[in-house]
Amino acid sequence: RLNSLLEEKPMLNLYEHAEGKVLTREDGIHPDFRLFATANIYRKNSNKLSSAFLNRMVRMWFPQIDSELVQSKSVADTDLMELTKMKLGGVSGGLELSTVLLRFHKILQDKHTRDSIVF
């Protein structure tokens with residue numbers, strides 16, 4: 001369990017051996033230890049995080065980066081296309097590949113919106 005690792009005086013119980021081991025700040029947990037976690041709580045069939053675990057976190061929400069694809073008639077006019085072109089700009093056929101990838105992604109999004117496909 002990770003809950004105790006996020007306390008003011010962190011500790012982590014390891015039970016990989018029969019005798020077990022407890023790590024603390026003084027013995028095994030680095031003084032600069034930080035935990036960064038991501039989760040998609042809206043994904044179907046995803047495991048829910050406990051409220052005790054979430055209460056120990058600073059939670060931030062960011063909009064999904066591809067939300068404008070659903071509303072857009074053309075993938076060419078989206079911010080995601082600009083980002084994809086930047087990543088694939090140096091690749092031969094990068095612009096064409098960006099277009100194909102985003103069109104395919106848009107098709108999957110549309111199907112997911114209509115519940116004809118489940119992620």
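Tutor: The crossing of helices α3 and α4 is right-handed, a term that applies if the near helix is turned clockwise from the far one by less than a right angle, left-handed being the anticlockwise case. This is a predicted model, in which local features need pLDDT of at least 70 and side-chain atom pairs count only at pLDDT 80 or more, while totals for chains, interfaces and linings use all residues. Residues are numbered from 1 along each chain as its sequence is written, and side-chain values use heavy atoms, with hydrogens and water left out.

Helix α3 covers residues 79-88 and helix α4 residues 94-113, helices being DSSP runs of H or I of at least four residues, numbered from the N terminus. Their axes come within 9 Å and cross at roughly 140°, where axes are lines fitted to C-alpha atoms over the stretch in contact and angles run from 0 to 180 degrees between N-to-C directions. The two helices are therefore oblique to each other, since angles under 35 degrees count as roughly parallel, over 145 as roughly antiparallel, 65 to 115 as roughly perpendicular and the rest as oblique.

On the α3 side, the contact (heavy atoms within 4.5 Å) is made by Leu-80, Met-81, Thr-84, Lys-85 and Leu-88, and α4 contributes Gly-94, Leu-95, Leu-97, Ser-98, Thr-99, Leu-101 and Leu-102. These residues divide into seven nonpolar, four polar and one charged, with Ala, Val, Leu, Ile, Met, Phe, Trp, Tyr, Cys and Pro counted as nonpolar, Asp, Glu, Lys and Arg as charged, and the others, Gly among them, as polar.

Helix α4 also gives four residues, the largest share, to the lining of the largest pocket.
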